[in-house]
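Colleague: I would like to go through this model with you, beginning with the terms and then the structural details.

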Amino acid sequence: MAQDNSSRVTEFILLGLSDTRELQLLFFTLFLLAYAMVLLGNLLIIVTVRTDPKLSSPMYFLLCNLSFIDICYTSVTTPRVLMALLSGHKAIAFEGCMAQLFFLHFVGSSEMFLLTVMAFDRYTAICRPLHYTAIMARGACWALVAACWAGGFVHSAVQTVLTLQLPFCGPNAIPSYFCDVLPVVRLACADTTLTEWLMASNSGLISLGCFLVLVASYALILAKLRAHLCRGCWKALSTCTSHVMAVTLLFTPCIFTYLRPAGTLPVNKYVCVIYTTVSPMMNPLIYTLRSSEVKESMWRLWKR
């Protein structure tokens, strides 16, 4: 289909989760509460880790970075959703849509890489305790975190470039509450089969690959702990359990969403809520409730 400058799409319409006003008010309340919990919970973790010298181990350094990523991740979509639910204004400029798409994948993939690094940290601490200090030195931790952000940037840049090279000259209604590659690509007025497969290979395989690495690392940890039923091992097992809960909450819906071309199944916008809002909201609860050190530090901070 031929296109010219006059037919180029300049904005998209985000259809949201519902057209019913009562449900929109309900979703507004739920998203607002979830966003407040994400901000307060993760900011509390960051302040606690940064102010307590006892939480200087690599695990808490990585946890602090995870909290920062969760704040950034949910801030990419939630404020825009709240504004649309409150005002009823569903239009988003083409440039704004591409920016949201870029930062969503940038921060989201960085979080996946960081969770993989956190699993490596736990594997090293439990399976190679004598070498832990040397392997997970502060310089190495900074390098690993920087590599997570760099990997996220490269991944997101590829997704954004693949989307920008498509012509958009027809429909502009996105059946979701934010801009993502799958619903946006389906609006292109061109054959997107190759692009869809490239995107599925990029996002889907990254999600699946990180998940398999995480499962393998925790399987090795469990094999190591099986023969050592001591108090310290139960504590390590509890920590790993919290990590597995966070990993499952994030990776399962991502694999379901991205490990397929855009046209094979409709995008379930309610599944997207899990990894864009629920997972960042649950991470502070999962990690703090499973870590007595963090809870004790928070209590000392509260008393001060």
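Modeller: Helices (H or I, at least four residues) and strands (E, at least two) are DSSP runs, numbered from the N terminus. The model is predicted, so local features need pLDDT of at least 70 and side-chain atom pairs count only at pLDDT 80 or more, while totals for chains, interfaces and linings use all residues. Residues are numbered from 1 along each chain as its sequence is written, and side-chain values use heavy atoms, with hydrogens and water left out.

Colleague: In which helix does Leu-30 lie?

Modeller: Leu-30 is partly exposed, with a relative accessible area of 47%; that class falls between buried, under 20%, and exposed, over 50% (1.4 Å probe, protein chains only). The helix that holds Leu-30 spans residues 21-51 and is α1.

Colleague: In what order do the 3 strands of the open sheet lie?

Modeller: Two strands pair if DSSP finds at least two bridges between them. The pairing in this open sheet is mixed, and the order of the strands is β2-β1-β3. The edge strands, each pairing on one side only, are β2 (91-93) and β3 (173-174).

Colleague: What is the bridge partner of Ile-13 in β3?

Modeller: Strand β1 (residues 11-14) and β3 run parallel and are joined by 2 bridges. In β3, Ile-13 has as its bridge partner Ala-173.

Colleague: How many residues apart in sequence are the parts tied together by Asp-19 and Lys-90?

Modeller: A salt bridge requires a side-chain nitrogen of Lys or Arg within 4 Å of a carboxyl oxygen of Asp or Glu, and the side chains of Asp-19 and Lys-90 meet in one at 2.9 Å, N to O. Asp-19 lies in the loop between β1 and α1, and Lys-90 in the loop between α2 (58-87) and β2, so the parts that this pair ties together are 71 residues apart in sequence.

Colleague: Are Asp-121 and Arg-122 buried or exposed?

Modeller: Asp-121 forms a salt bridge with Arg-122, with the closest N and O atoms 2.9 Å apart. As for accessibility, both Asp-121 and Arg-122 are buried.

Colleague: Leaving aside its neighbours within four places in sequence, with which residues is Thr-192 in contact?

Modeller: Thr-192 is found in the loop between α6 (181-185) and α7 (193-225), and at 8% relative accessibility Thr-192 counts as buried. Contact means heavy atoms within 4.5 Å. With those neighbours left aside, Thr-192 is in contact with Leu-166 and Val-185.
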